[in-house]
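Here is a short briefing on one protein chain. Please look over the sequence and the model before reading on.

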Amino acid sequence: MRGPLDAELSAPAAMGGLSEAAYTLLKFHGTYEQFDRDTATARKQAGTDKDWSFMVRVRSPAGRLTAPQWLALDRLAGDFADGTLRLTSRQGVQFHGILRENLRASIAAIDATLLTTLAACGDVVRNVITSPAPRRDAIHARLEAAARRLSEALLPKSRAHHEIFLGEEAATGPEEEPLYGPTYLPRKFKIALIHPDDNSADVLANDLGFVMHPEGWIVTLGGGMGMTHNKPATFPRLADPVALIGPDEVLEVAEAAVRLSRDHGDRSDRKHARLKYVLAERGVEWARARLSEDLGRPLRPAPPLPRLTVPDHLGWHAQGDGRWWLGLHIPSGRVAGRLRAALREAMERFGVNPIATPGQDLLLSDVLEADRDALEALLRANAVPLPEAFTPVARAMMACVALPTCGQSLAEGERVRQPILAQVERELERLDLLGERISLRLTGCPNGCARPYQGDIGVVGRSPGLYTLFVGGDFAGTRLSFPVADKVPMEAVGVTLAPLLAHWAAWRVAGEGFGDFCTRQGPEACRALTGAALAA
């Protein structure tokens, strides 16, 4: 994890972008080098280098932060980044626009808050996620404790991060990675833990999942969202239930699952390297047998998954300890301007502790009963809309960053969130469906950071201004969607979906969600409707 990083980060920024080796290694330390794609062509024509900067991601297990930590991150956003914080779909916080000369100071400042960027990116176990709800009961305490324990235990053991970014003296002897080995993992590895009553973490989208069960945990393996357009060998996949384990076996089973990915993932092709392809090709029985061999004892087969649901964490909720949390909808997870100022004042005045959700929103926890009205007044004074100001589809919508910073993006994401949402809301309102709970997820490329293949509606970037539309997933995250229209212009997303929404309004059965209805109709019937809309 060292390579040329120290030397290249010490070189003047005027020397241009980093080498490929440095770029690859930096990911393991929680940062990506990026450039402004809006200005790249003009700068090239002018004979100047790209406008380089760094995205830095904070690892925050279970999304939990303290008020002092948030205030420190807020200062970092102003001192070194672009003046914003961004909440991710994995309960993390990331910064954009950090210059090379400020990168080490930024990461050191994060470390000083007792957070870290280590392994927030790269071919390692990423941020471990779970229910964001700060309910003070045994279930949520167990989920949070397990997420924190896994996150700490599964970090890389190399001291390279501490040497390069935190000023630690260089190691004098060889290092070992007892879990990751000398070459780490074939690809990233994601873990989620849930209770069936709260699948806001989309457990089946993860390489490894733990679902609470009366006897312990149901272990799921082989989920993942990424794919590549026009390459059928790549595909999104939901995890399979593989085993039933006891309540205290989470860490050792997680380590065995990481070793399974390490030893059997396809290292010859990064697009085929995730654990989901191993499960798709070798099956559940094989995976359970390998885990059993690794652990030295047979694992019980998994029972059927219970029904999973996703509660609404937004608005006011009692924590169970006499205090409250207020869930705020943060469009695309972007904290900027007056919202950022209001949150800063809320932390300073009321000491509320923020929690990032897997839906890119923020929960302000530990609010005293006596402070509720004052906190609401503070937010209103800063023009921060409370959850009731948003429609259900807006409250559940997610969008990735995409352009201008993400190097993988094929089309816009966050910057077209509002016009795409407005189109869908307009069609829903016309059909008197605006009060319906629908999950709408937007990404600028098919890598699936906002988990578009699980939602009722997925809008996936195809090329500049064009998108592939998916339908048929469900709000609970238990079913994959299917494509119904390709190369749809951004401004035509709403009218393309309109016939499907109209049929749902006319022909659904009682309580049938939009994705459920589309699945019942089938892909061909849905494609016929969207195709007719595009032709018109």
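The notes below go from the whole chain to single residues.

This is a predicted model. The protein chain holds 16 helices and 19 strands.

**Whole chain**

- Along the principal axes, the C-alpha trace spans about 70 × 60 × 60 Å.
- Of the 536 residues, 60% count as buried.
- The accessible surface comes to about 20,800 Å². Carbon and sulfur atoms account for 54% of that surface.
- The chain carries 62 positive and 65 negative side chains. The centres of these two sets lie 3 Å apart.

**Helix 2 and its surroundings**

- Helix 2 covers residues 20-28. Its buried residues are Ala22, Leu25, Leu26, Lys27 and Phe28.
- Which elements do the buried residues of helix 2 pack against? They pack against helix 1 (5-10), strand 1, strand 2, helix 5 and helix 7 (160-166).
- An α-helix has 3.6 residues a turn, so residues three or four places apart point the same way. In helix 2, Ala22, Leu25 and Leu26 are among the buried residues.
- Thr24 also sits in helix 2. Thr24 is partly exposed, because its relative accessible area of 33% falls between the 20% and 50% cut-offs.
- Thr24 and Asp123 are 99 residues apart along the chain. Their C-alpha atoms are separated by 9.7 Å.
- Just after helix 2, Gly30 has a positive phi of about 95°.

**His29**

- His29 lies in the loop between helix 2 and strand 1 (31-35).
- Is His29 buried or exposed? His29 counts as buried, because its relative accessibility is 0%.
- The His29 side chain makes a polar contact of 3.1 Å with the side chain of His161.
- Beyond residues up to four places away in sequence, His29 touches Met1, Leu5, Ile107, Thr117, Leu118, Ala160, His161, Ile164 and Phe165.

**Asp123**

- Asp123 is in the loop between helix 5 (100-112) and helix 6 (138-153).
- Asp123 is buried, with a relative accessible area of 11%.
- Which residue's side chain makes a polar contact of 3.0 Å with that of Asp123? The partner is Arg270.
- Leaving aside neighbours within four places in sequence, Asp123 is in contact with Phe28, Tyr184, Leu185, Pro186, Arg187, Lys188 and Arg270. Phe28 is one of the buried residues of helix 2.

**Glu427**

- Glu427 belongs to helix 13, which runs over residues 417-430.
- Glu427 is buried: its relative accessible area is 10%, and under 20% counts as buried.
- Glu427 and Val495 are 68 residues apart in sequence. Their C-alpha atoms are 7.6 Å apart in space.
- Apart from residues up to four places away in sequence, Glu427 touches Gly494, Val495, Ala498 and Leu501.

**Backbone features**

- The peptide bond from Leu403 to Pro404 is cis, with omega near 10°. Pro404 is placed in the loop between strand 15 (398-399) and helix 13.
- Ala62 has phi near 60°, a positive value in a residue other than glycine. This residue lies in the loop between strand 2 (52-58) and helix 4 (67-79).
- Ala383 also has phi near 60°, again a positive value in a residue other than glycine. Ala383 is in the loop between helix 11 (372-381) and helix 12 (392-396).
- Ala383 is exposed, with a relative accessible area of 53%.

Definitions and conventions
Residues are numbered from 1 along each chain as its sequence is written. This is a predicted model: local features need pLDDT of at least 70, side-chain atom pairs count only at pLDDT 80 or more; totals for chains, interfaces and linings use all residues. Side-chain values use heavy atoms; hydrogens and water are left out. Helices (H or I, at least four residues) and strands (E, at least two) are DSSP runs, numbered from the N terminus. Buried means under 20% relative accessible area, exposed over 50%, partly exposed in between (1.4 Å probe, protein chains only). Accessible areas come from the Shrake-Rupley method with a 1.4 Å probe; for residues, only the protein chains shown count as cover. Lys and Arg count as positive and Asp and Glu as negative; His and the chain ends are not counted. The place of a charge is taken as NZ of Lys, CZ of Arg, CG of Asp or CD of Glu. A polar contact is a pair of N or O atoms within 3.5 Å; within protein, one must be able to donate a hydrogen and the other to accept it, and residues adjacent in sequence count only if both atoms are side-chain atoms. Contact means heavy atoms within 4.5 Å.
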